[in-house]
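Please report on the structure shown here.

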Amino acid sequence: MATRGQCCHLCVAIRLPSRRRHGEARRPLQLIRRPRTARGARGNVNKHYPRGRQASGQKMPHIITVSSTDPDDMARQRRARGHMPASDSLQQDLTMLDDARGFCNSDRSSRREGKRRHRSGGHGWCPTLLYMSFAGIVILAVAYFLYIGYMETRINTPISAAKVVVKSGLESPERYWGTYRPGVYFGTRVRHPTSIVTGLMWFVPGHFQNNMLAVRHWCDQADDLPKYGWEVHDGRNVGIQKIIDKNVILQTSFVKRLGGQHGGDWSARISAVPKTKRHVGGQASLLYYVALDPDDKEAMIQPMIGTSQSLGSLRGISDSVGGFRLHVLNASGTIVNHHLLSTKHMGLHMLKETVYKGLRVFQGKSEKDKYIGLAGEMFSHEDTLRQPNFVVFQVTGELPFEVDIVYESDSFLRRPGMLMGEALSEQLSLYEKKFHSDFEEKFSMEAKGFSEEEIGFAKAALSNMIGGIGYFYGASRVLGEHNSDPVPYWKAPLYTAVPSRSFFPRGFLWDEGFHNLLISKWDREISQDILGHWFDLMNWDGWIPREQILGVEARARVPDEFVVQRGKNANPPTLLLTLHSMMAGFKRELSDDDYEYLSHLWPRLRAWYNWFNTTQLGEMPGTYRWRGRDPKTLRELNPKTLTSGLDDYPRASHPTADERHLDLRCWMTLASGLMADIARLIEKDPTRFDDAYKYLSDNNVLDALHWSYAANGYMDFGLHTDDLELRKLAPNAEMKRIVHGDPKLKFVDSFGYVSFFPLFLQIIDPYSAKLGKVLEDLRRQDLLWTPYGLRSLAKNSPIYNKRNTEHDPPYWRGAIWINMNYLAVRALHHYSNVDGPHQELAREIYVSLRENVVKNVVREYKRTGYIWEHYSDKTGRGEGCRPFTGWSALVVLMMGETF
């Protein structure tokens with residue numbers, strides 16, 4: 001009987017069954033007994049014959065159906081099938097198997113002879129298949145990693161469209177130099193990536209804070225200044241600021257004179273006067289500096305020896321301004337002493353620290369008379385070149401005294417004379433008068449009966465908004481869904497206003513739309529330039545990082561947790577508010593420049609609109625949902641929605657994909673209508689946007705998705721419960737959220753700013769019965785109405801004025817915010833001027849709300865010296881950071897009724 005080893009050669013004659021269909025019985029293997037052939041006739045041995053046909057001149061092979069190569073197994077199978085008696089079937093099986101074995105033995109010699117060729121040639125497909133499989137795996141792996149690498153770069157890939165900003169830097173010479181460093185009390189730079197920077201520091205001798213000499217430089221709430229801010233600023237030529245400190249009042253006056261090829265000349269007058277009569281004769285020390293950007297490798301500055309007239313001067317050259325000179329001059333008063341520091345700074349964000357290192361104690365005229373001054377040259381022993389990139393001039397004088405800082409460009413060849421003394425006074429007076437005239441022309445406050453004090457407040461509010469415009473350059477840190485770690489955005493400039501010089505001296509996307517509602521009414525060209533810079537920060541799919549932290553000075557003031565911007569997180573598209581406010585002017589008269597501007601803007605507007613409509617959609621048609629909420633948080637009473645701009649405003653307690661956010665839907669309604677209007681102006685097809693606007697502004701659809709009949713108002717929707725609290729589970733443990741009731745899908749029935757967004761963005765039909773209900777709710781004192789403005793969250797809300805975490809006080813949970821009150825006043829003005837049954841009610845509420853907000857903000861400015869981030873709904877007192885002359889300055893538009 002053949003063994004398994006002897007039968008192995010039959011494997012070459014096993015014909016595999018064809019692939020079975022589902023449910024078909026398994027076919028047994030077929031063993032083919034081949035006819036014997038002459039040695040070497042391998043072609044015949046390997047030839048296959050079709051079933052059911054006989055090849056000409058050859059005998060068809062006998063086919064034995066087997067399930068195993070073991071003869072005993074084959075016999076048992078035949079018996080089991082009942083084909084023949086066991087003995088007969090076994091005999092026939094063995095006979096046929098012998099014949100097969102004989103065929104194998106007769107061909108064995110030829111197989112030995114061709115053994116090497118059989119191994120290398122007969123099975124040549126095996127290594128080929130392995131090589132092909134390996135190559136395929138390698139190709140797939142490479143393709144995968146290339147795809148991942150490609151997707152990782154998409155987060156910081158700019159959109160492929162023409163830039164909106166077509167004039168930058170020296171192409172706008174009248175706005176090249178400016179006070180574009182809002183984070184310092186006074187500083188200048190040019191709109192260039194590696195600009196030289198100049199700025200002011202000062203201290204009052206003997207005034208210490210936290211055991212250190214109180215040197216002022218960065219705007220800082222910790223300095224606790226009674227007041228500081230611009231009183232005049234036009235964004236182009238002039239800026240006048242008052243700073244009140246301990247024992248001294250400083251006034252910084254800045255003015256420009258165009259000429260040459262690098263933005264012309266400028267001068268600054270720094271006046272130091274005693275705070276009260278008893279401070280007359282006291283001293284103050286002013287330090288004015290020039291610093292070079294380390295990235296400008298060819299820049300140089302060199303101090304020059306002072307003269308009887310000049311307290312100090314320097315010459316320099318840089319890529320941003322060419323050759324220049326700067327002089328520090330005694331304008332009036334008694335100068336006690338003056339010193340110099342020539343050194344290398346430790347970074348543009350560490351200029352004050354460098355000054356601290358350069359301070360020394362000097363002996364005065366008498367043995368007891370000692371004072372603090374700068375050290376002169378200060379370089380490390382290893383620095384053999386001793387080439388400074390930071391020069392500081394210190395002037396100490398008796399109060400009162402004045403110092404003029406005169407900057408002159410080498411390319412300005414035919415100047416009428418140095419801009420100092422009387423020439424400087426005349427130039428300042430000329431532009432100051434023009435500012436006052438332009439202000440009245442644009443806002444008509446004298447005509448509206450406001451007092452001189454109230455008008456002075458409004459001018460200061462506008463000036464602080466304009467004076468808060470800065471120029472930044474650098475790269476944000478961003479994180480896309482395909483990135484494991486943050487990556488840098490591309491380096492880019494940003495020309496933008498800032499919300500607060502002391503607390504938020506950088507660009508914020510949703511703030512900027514509100515800022516430019518005011519800026520555009522003052523100077524539309526500046527506003528269009530600002531919007532262009534923001535839209536030029538758009539990446540390939542339409543995303544704009546919501547917080548711009550560009551450059552070392554800005555980065556040094558931001559906690560790490562807020563640095564990284566995430567690619568799926570939005571911010572309200574408030575830049576569209578500014579464009580919406582400009583539309584009336586565009587429709588009246590569209591200049592060639594306006595047409596070109598909107599045409600450049602269009603591809604980016606469309607990409608931004610598409611990005612919102614792909615990344616922020618809700619689960620149901622016609623719904624939207626802010627991304628970025630944390631469904632796993634254990635520390636927050638209600639997970640924050642930072643992307644909405646309303647931070648801790650209460651949403652559904654348990655974030656899910658089923659949420660419907662009313663405010664975002666209203667923003668997209670505004671966006672759709674605006675896109676259609678712009679499309680018509682620049683001769684694009686508005687159909688898609690018209691259709692979207694008609695659907696989103698359909699009050700029936702809005703009501704179906706967001707009207708809560710339980711609360712009888714517009715609400716968010718989501719998985720929610722009010723039965724929760726923050727509690728410590730152990731005496732020294734951190735407070736955690738405890739949920740007592742099961743959340744359910746329902747409306748989030750808390751009245752607040754979000755509830756009134758259909759009113760704020762003027763989506764409710766003037767003839768709608770719901771408009772009357774919303775207007776009545778707006779003036780209910782148990783909801784949002786207060787004598788000082790509209791509070792952010794109703795008093796009867798379960799989360800009213802509650803902390804969101806152990807360390808986070810309430811923010812948008814009751815406080816009065818001016819930007820939302822502006823939207824309310826603007827909407828009421830709109831509804832009071834269109835036909836409808838609620839016109840008179842809207843007019844009545846408009847008058848009351850406008851008066852309440854304006855009076856309270858002006859009163860707090862007079863009391864504290866500042867415009868504030870938000871105001872108490874109980875007392876009207878300013879709260880949060882100060883000065884906050886971002887959107888809180890919108891009170892100017894309310895006063896001027898300029899909507």
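How many disulfides does the rule give? The count is zero, where a disulfide is a pair of cysteine sulfur atoms within 2.5 Å. C666 is buried, at 1% relative accessible area. C881 is buried too, at 2%. Here buried means under 20% relative accessible area, exposed over 50%, and partly exposed in between, with a 1.4 Å probe and protein chains only.

This is a predicted model, in which local features need pLDDT of at least 70 and side-chain atom pairs count only at pLDDT 80 or more, while totals for chains, interfaces and linings use all residues. Residues are numbered from 1 along each chain as its sequence is written, and side-chain values use heavy atoms, with hydrogens and water left out.

## Salt bridges

Side chains of opposite charge can pair when their charged atoms come close. The cut-off used is a side-chain nitrogen of Lys or Arg within 4 Å of a carboxyl oxygen of Asp or Glu. The count comes to 46 salt bridges.

R325 and D410 form one of them, at 2.7 Å from N to O. The pair links distant parts of the chain, 85 residues apart. R325 sits in strand β16 (residues 322-343), and D410 in the loop between β20 (390-409) and α8 (421-443). Helices (H or I, at least four residues) and strands (E, at least two) are DSSP runs, numbered from the N terminus. R325 is buried at 18% relative accessibility. D410 is partly exposed at 27%.

K770 and D703 also meet in a salt bridge, at 3.6 Å from N to O. K770 lies in helix α19 (residues 769-778) and D703 in helix α17 (residues 699-706), so the pair ties together parts 67 residues apart in sequence. Both K770 and D703 are buried.

E806 pairs with K728, with their closest N and O atoms 3.7 Å apart. These two are 78 residues apart and again link distant parts of the chain. E806 is in the loop between β35 (789-790) and α20 (818-831). K728 is in the loop between β31 (724-727) and β32 (736-739). E806 is partly exposed at 22% relative accessible area, and K728 is partly exposed at 39%.

There is also a network of salt bridges. It links E174, R175, R191, R236, D523, E525 and D529.

## Helix α17

Is α17 enclosed or open? Six of its eight residues are buried, so the helix is largely enclosed by the rest of the structure. The buried residues are N699, V701, L702, D703, L705 and H706.

At the start of α17, a side-chain oxygen of D698 comes to within 2.8 Å of the backbone nitrogen of N700. The rule for such a polar contact is a pair of N or O atoms within 3.5 Å; within protein, one must be able to donate a hydrogen and the other to accept it, and residues adjacent in sequence count only if both atoms are side-chain atoms.

Strand β10 (residues 238-244) has six of its seven residues buried, so it is largely enclosed by the rest of the structure. Two strands pair if DSSP finds at least two bridges between them.

Strand β9 (residues 227-233) runs antiparallel to β10, with six bridges. G229 has K242 of β10 as its bridge partner. The two strands form a hairpin with four residues between them. In that turn, G235 has a positive phi of about 80°.

Strand β11 (residues 248-257) is joined to β10 by seven bridges, also antiparallel. V238 has V255 of β11 as its bridge partner. Three residues lie between the strands of this hairpin, and N247 takes a positive phi near 70°.

## A three-stranded sheet

An open sheet has the order β23-β22-β27, with mixed pairing. Its edge strands, β23 (487-488) and β27 (564-566), each pair on one side only. Two bridges join β22 (residues 477-479) to β23, and these strands run antiparallel. R477 has P488 of β23 as its bridge partner.

## The largest pocket

The largest pocket has a volume of about 1600 Å³. On a 1 Å grid over the protein atoms alone, a pocket is an open set of points where a 1.4 Å probe fits, with protein on both sides within 12 Å along at least five of seven lines. Grid points are joined across faces, edges and corners, and a volume is the space filled by probe spheres set on the points.

The lining holds 48 residues, with lining meaning an atom within 4 Å of a point. Nearest the centre lie R546, F562, K640, L642 and D647. The elements giving two or more residues to the lining are α10 (509-522) and β27. Strand β27 gives the most, with three residues.
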